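Subject: Structure handover and notes

Hello,

Please find the structure below, with the sequence alongside. My notes on what was found in it follow.

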Amino acid sequence: MTTGSNFKVKDLSMAEDGQMKIEWAESRMPVLMALREKYRESQPLKGQRIAGCLHVTKETAVLIRTLKAAGAEVAWSGCNPLSTQDDVAAALAADGISVYAWHGLSVEEFYWAIDRTLDFKPTLTLDDGADLIMRVHTKHLELAPGILGGTEETTTGVHRLRAMAKDGKLLYPILAVNDAETKWDFDNVYGTGQSSIDGILRATSVLLAGKNFVVAGYGHCGKGTAARAKGMGCNVIVTEVKPTAALKATLEGMRVMTMDEAAAVGDIFITATGMRDVLVGRHFERMKDGAILCNTGHYDVEIDIAALNEMATSKRTIRPNCDEYVMNDGRRLYLLANGRLVNLAAAEGHPSEVMDMSFANQFLGMLRMAKEGGNLDKTVHDVSPEQDQELASIKLETMGLSIDRLTPEQVAYATDYLQGT
Ligand code: 9W1
């Protein structure tokens, strides 16, 4: 461990590798980079101290540097004990950022790291999962009056905070970055879609073309994964419990059937339901020799791993993130990443281009809280629809794409209910 007066990371000598990763991400995150240039002069975050608690990754580093470029002082900890990229943390520390994060820290160390960022008496907080906000509300209440506002990145965190706000327990306003269309709609569909396929390929290196690819759940994550698998030449089968979702899958060219039917024909299975017991013993019994099983839902409850262990006569790790289970009749089933999120465990999470939009929402959220936080109700606030459109418009521009504008006549037509038949 390398400890400095304002950081604790795994090994400061990894900074050069981290710096290269960050530069790579910067080259793929044009919206944040455009915002960095836009606010470099005016310094809208001057005088603000931001405590952040979010996965220490190359993408997060691009956000941190953008906040700093806009004038903020920043102190950071990771929001998950296993998501920190140690070389990225080292590069941030070498750059003078107060960062307390290393891969595999214990629960005590996790809260210790959050507390170090609170020593800094933040005026703004930035969360993924609300652990930092909760720490202020439980152990550091004295800091709350000095905090103008905060932002929250995820669904789970937003749920927690809305419940708190309902009870009147929230001590400063929060912006629900998660609920911005340019966040959840892109993260879940395109981020999870690509990274799940990426995880399967890294763990197995199988050919996707021609395979029967079974997606359980046709929500945003399932839909994204199914679309990408189809693009790679798979025959995609969708299983669902919700009639409208199943109907959409059908009309998008997916085959729909029950898991009992799919179990016998699938080559690759991925669960994306958020529900437990999606693949269970009776499915394992029917599966073909060589079938590959994985999960991209939040919790590792979708595949009944206990049953798999019980049914198997032997088990070995045949490749990283790929366990071979031999059934009593000799069939081999392959479980990826122990049934945990295959896109995080076997790949690298969402690609930088997708995080660009999520984190541009975070950046604009910080600007808004710095400016208006003091006047907002102490509840959970939504990102404005204008911010969504502005952000999408910058993204399009950075991709060299132009779109049409309504003419005044078209605007009048759209708003005049007297016109029409
Ligand atoms: N977030 N930069 C693992 C990621 C863990 C993780 C998690 C992301 C990003 C879903 C955020 C092994 C990055 C993060 C790389 C990695 C997430 C949990 C990102 C996808 C969400 C519980 N949740 N995310 N990049 N670990 O991709 O910040 O590689």
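Strands β3 and β6 run parallel and are paired over four bridges. Within that pairing, Ala-51 has Thr-125 of β6 as its bridge partner. Please keep in mind throughout that this is a predicted model.

Strand β6 also pairs with β7, again in parallel and through four bridges. Here Thr-125 stands opposite Gly-150 of β7.

In a regular strand, side chains alternate between the two faces of the sheet. In β6, Leu-124 and Leu-126 point one way while Thr-125 and Asp-127 point the other, and all of them are buried.

Asp-127, which lies in β6, counts as buried because its relative accessible area is 0%, and the cut-off for buried is under 20%. Setting aside neighbours within four places in sequence, Asp-127 is in contact with Cys-53, Leu-132, Ile-133, Thr-151, Glu-152, Glu-153 and Gln-362. Its C-alpha atom is separated by 24 Å from that of Ser-5, a residue 122 places away along the chain.

Two of those contacts, Leu-132 and Ile-133, are among the buried residues of helix α6. This helix spans residues 131–138 and is mostly covered, with six of its eight residues buried. Besides Leu-132 and Ile-133, the buried ones are Asp-131, Arg-135, Val-136 and His-137. The elements that cover them include β3 (49–53), α5 (107–118), β6 (124–127), β7 (149–152), α7 (155–166) and β8 (174–176).

Next, the nonpolar core. The largest one has 48 residues, and the members that touch the most others are Leu-45, Leu-67, Trp-76 and Phe-363. Helix α15 (residues 352–372) supplies the largest share of this core, 10 residues. Not counting residues up to four places away in sequence, Leu-45 touches Ile-50, Leu-67, Ala-70, Gly-71, Ala-72, Leu-124, Phe-363, Met-366, Leu-367 and Ala-370. Leu-124 in that list is one of the buried residues of β6.

The loop between α14 (342–345) and α15 holds His-350. This histidine has a relative accessibility of 18%, so it counts as buried. Leaving aside neighbours within four places in sequence, His-350 contacts Glu-59, Asp-187, Gly-191, Thr-192, Ser-195, Asn-343 and Met-355.

There is also an open sheet of eight strands, with mixed pairing, in the order β11-β10-β9-β12-β13-β16-β15-β14. Its edges are β11 (255–256) and β14 (312–319); each has a single partner strand, so one side of each has no neighbour in the sheet. Helix α9 (residues 220–231) packs on this sheet, where it touches β9, β10 (235–239) and β12, and its direction makes about 170° with that of β9. As for β9 (residues 212–216) and β12 (residues 268–271), they pair in the parallel sense over four bridges.

How many aromatic pairs does a search of the whole structure find? The count is five. In one of them, the rings of Phe-110 and Tyr-111 have centres 5.2 Å apart and planes at 90°, so this pair is edge-to-face. Phe-110 is buried at 8% relative accessibility, whereas Tyr-111 is partly exposed at 30%. For the rings of Phe-186 and Tyr-190, the centres lie 5.6 Å apart and the planes meet at 40°, so the pair is tilted. These two residues are four apart in helix α8 (residues 181–204), which means that about one helical turn separates them. Phe-186 is partly exposed, with 28% relative accessibility, and Tyr-190 is partly exposed as well, with a relative accessible area of 40%.

Tyr-100, Trp-102 and Trp-112 make up one aromatic cluster. Over the ring of Trp-112 sits the charged end of Lys-8, 5.2 Å from the ring centre. Likewise, the charged end of Arg-28 sits over the ring of Trp-24, 4.3 Å from its centre.

Regards

Definitions and conventions: Residues are numbered from 1 along each chain as its sequence is written. This is a predicted model: local features need pLDDT of at least 70, side-chain atom pairs count only at pLDDT 80 or more; totals for chains, interfaces and linings use all residues. Side-chain values use heavy atoms; hydrogens and water are left out. Two strands pair if DSSP finds at least two bridges between them. Contact means heavy atoms within 4.5 Å. Axes are lines fitted to C-alpha atoms, for helices over the stretch in contact, and angles run from 0 to 180 degrees between N-to-C directions. Rings of Phe, Tyr and Trp (its six-membered ring) pair if their centres lie within 6.5 Å; planes under 30 degrees apart count as stacked, over 60 as edge-to-face and the rest as tilted. Buried means under 20% relative accessible area, exposed over 50%, partly exposed in between (1.4 Å probe, protein chains only). A charge sits over a ring if NZ of Lys or CZ of Arg is within 6 Å of the ring centre and within 35 degrees of the ring normal. A nonpolar core is a set of buried Ala, Val, Leu, Ile, Met, Phe, Trp, Tyr and Cys residues joined through side-chain atoms within 4.5 Å.
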